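Hi,

Here is the structure I said I would pass on. Have a look at it first, and my notes follow below.

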Amino acid sequence: MNGTKKLVISSLLLALALVLPFVTGQIPEIGNMLLPMHLPVLLAGFVVGGPSAMFIGAVAPLLRSVLWGMPVLFPRAISMAFELAAYGFVSGFIYSKSKKNNASVFISLVIAMIAGRIIWGVVSMILYGAMGNSFTLALFMAEAFINAVPGIVIQLILIPIIVSALKKSNTITK
């Protein structure tokens, strides 16, 4: 993919990461379940590659916080920036080393989702600790997995379908 095309697609995916949360109506509880900002970042890993997707993931929650106040900058947007940066980089890196078939999309996606959630947990533990609050394993499990089940399911269904469609249209290399 040439530089201009990569820049345009990266910009589009960043824009989607900024506006998709408006679909949840700015209701944090729904956003925490559906994870709308995660979709374009995970997709970016497959489409524009790990380094560009890492940038999109790191910038999206911080920029959204500065522009619209959601998510709250500290500690939420900062921990999300690390999480989404990991999603983008890991999905792109694993996929770039794979055979680029449907199974590799799914495997890359799952590994990225797990890595991102672990990084989010570690960063959250540090940030909450700095505020004098505890970040327990129960809180981590609830936020990273239990409350996020609808978003996880959506990601596991939509991302492989979108990647497959983009491969067929030659938007991304096969």
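Where is the place of Leu35? Leu35 sits in the loop between H2 and H3, and its phi is near 55°, a positive value in a residue other than glycine. Helices here are DSSP runs of H or I with at least four residues, numbered from the N terminus.

Some housekeeping before the rest. This is a predicted model, where local features need pLDDT of at least 70 and side-chain atom pairs count only at pLDDT 80 or more, while totals for chains, interfaces and linings use all residues. Residues are numbered from 1 along each chain as its sequence is written, and side-chain values use heavy atoms, with hydrogens and water left out.

Now the cis peptides. One joins Met70 and Pro71, with omega about -5°, and Pro71 is in the loop between H4 and H5. Another runs from Phe74 to Pro75, with omega near 5°; Pro75 lies in helix H5.

On to helix packing. The axes of H4 (residues 50–68) and H5 (residues 73–96) come within 7 Å and cross at roughly 165° (axes are lines fitted to C-alpha atoms over the stretch in contact, and angles run from 0 to 180 degrees between N-to-C directions). H4 and H5 are therefore roughly antiparallel, the term for angles over 145 degrees. Residues in the contact (heavy atoms within 4.5 Å) include Gly50, Gly57 and Pro61 of H4 and Ala77, Leu84 and Gly88 of H5. They divide into 15 nonpolar, five polar and no charged, where Ala, Val, Leu, Ile, Met, Phe, Trp, Tyr, Cys and Pro count as nonpolar, Asp, Glu, Lys and Arg as charged, and the others, Gly among them, as polar.

A pocket is an open set of points on a 1 Å grid over the protein atoms alone, where a 1.4 Å probe fits, with protein on both sides within 12 Å along at least five of seven lines; lining residues have an atom within 4 Å of a point. The lining has 24 residues, with Gly31, Asn32, Pro71, Arg76 and Met80 nearest the centre of the pocket. H5 gives the most to this lining, with four residues. By type, the lining splits into 14 nonpolar, five polar and five charged.

Cheers

Note on methods. Helices (H or I, at least four residues) and strands (E, at least two) are DSSP runs, numbered from the N terminus. Angles under 35 degrees count as roughly parallel, over 145 as roughly antiparallel, 65 to 115 as roughly perpendicular and the rest as oblique.
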